[in-house]
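Please read them with the structure open.

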Amino acid sequence: MCLQCGTRAEDWDQGGDDDTEDAYVAVTHRCIGCQVIADKQDSVREGTSGHGVKVLLIPAAVHAATQALKQLEKHRYDD
């Protein structure tokens with residue numbers, strides 16, 4: 001089995017004289033999540049300041065809750 005595409009050579013050999021009938025067809029698909037990650041990754045600084053920086057997706061509600069918690073903690077320490 002090919003480690004990259006996951007097919008086997010026998011998947012492609014349909015046993016006929018004509019090689020035009022393949023078991024798979026290559027199609028394109030855009031994953032919006034992957035697109036958003038790639039766009040954000042482009043904004044990560046190059047060089048050593050960007051080393052180790054990972055971009056990941058988290059649910060918007062989790063992000064909002066995290067930001068609210070940070071604000072509460074900031075006000076607590078400011079007092």
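1. The sulfur of C31 has its closest cysteine sulfur in C34, at 3.7 Å, which is too far for a bond. A disulfide here is a pair of cysteine sulfur atoms within 2.5 Å. C31 is partly exposed, with a relative accessible area of 35%; the classes are buried for under 20% relative accessible area, exposed for over 50%, and partly exposed in between, with a 1.4 Å probe and protein chains only.

2. How many disulfides does the rule count? The count comes to 0. For reference, a disulfide is a covalent bond between the sulfur atoms of two cysteines.

3. Some points on the source. This is a predicted model, in which local features need pLDDT of at least 70 and side-chain atom pairs count only at pLDDT 80 or more, while totals for chains, interfaces and linings use all residues. Residues are numbered from 1 along each chain as its sequence is written, and side-chain values use heavy atoms, with hydrogens and water left out.

4. Confidence is given as pLDDT, the predictor's confidence in each residue, from 0 to 100. The protein averages 87, and 89% of the residues score at least 70. Helix α2 (residues 32-42) has the highest mean, 94, and helix α1 (residues 9-12) the lowest, 84. Where pLDDT is low, the predicted coordinates should not be read in detail.

5. The protein has 3 helices and 0 strands, in the order α-α-α along the sequence. Helices (H or I, at least four residues) and strands (E, at least two) are DSSP runs, numbered from the N terminus.

6. Which residues form the aromatic pair? The count is 1 aromatic pair, and W12 and Y24 form it, tilted, at 5.3 Å centre to centre with 50° between the planes. W12 lies in helix α1 and Y24 in the loop between α1 and α2, so the pair ties together parts that are 12 residues apart in sequence. Rings of Phe, Tyr and Trp (its six-membered ring) pair if their centres lie within 6.5 Å; planes under 30 degrees apart are stacked, over 60 edge-to-face, and the rest tilted. W12 is partly exposed at 35% relative accessible area, as is Y24 at 40%.

7. Of the 79 residues, 5% count as buried. The protein exposes about 7,500 Å², of which carbon and sulfur atoms supply 54%; accessible areas come from the Shrake-Rupley method with a 1.4 Å probe, and for residues only the protein chains shown count as cover.

8. I32 sits in helix α2 and counts as exposed, at 55% relative accessibility. Also in helix α2 is Q41, which is partly exposed at 34%. Q41 and V53 are 12 residues apart in sequence, and their C-alpha atoms are 8.6 Å apart in space.
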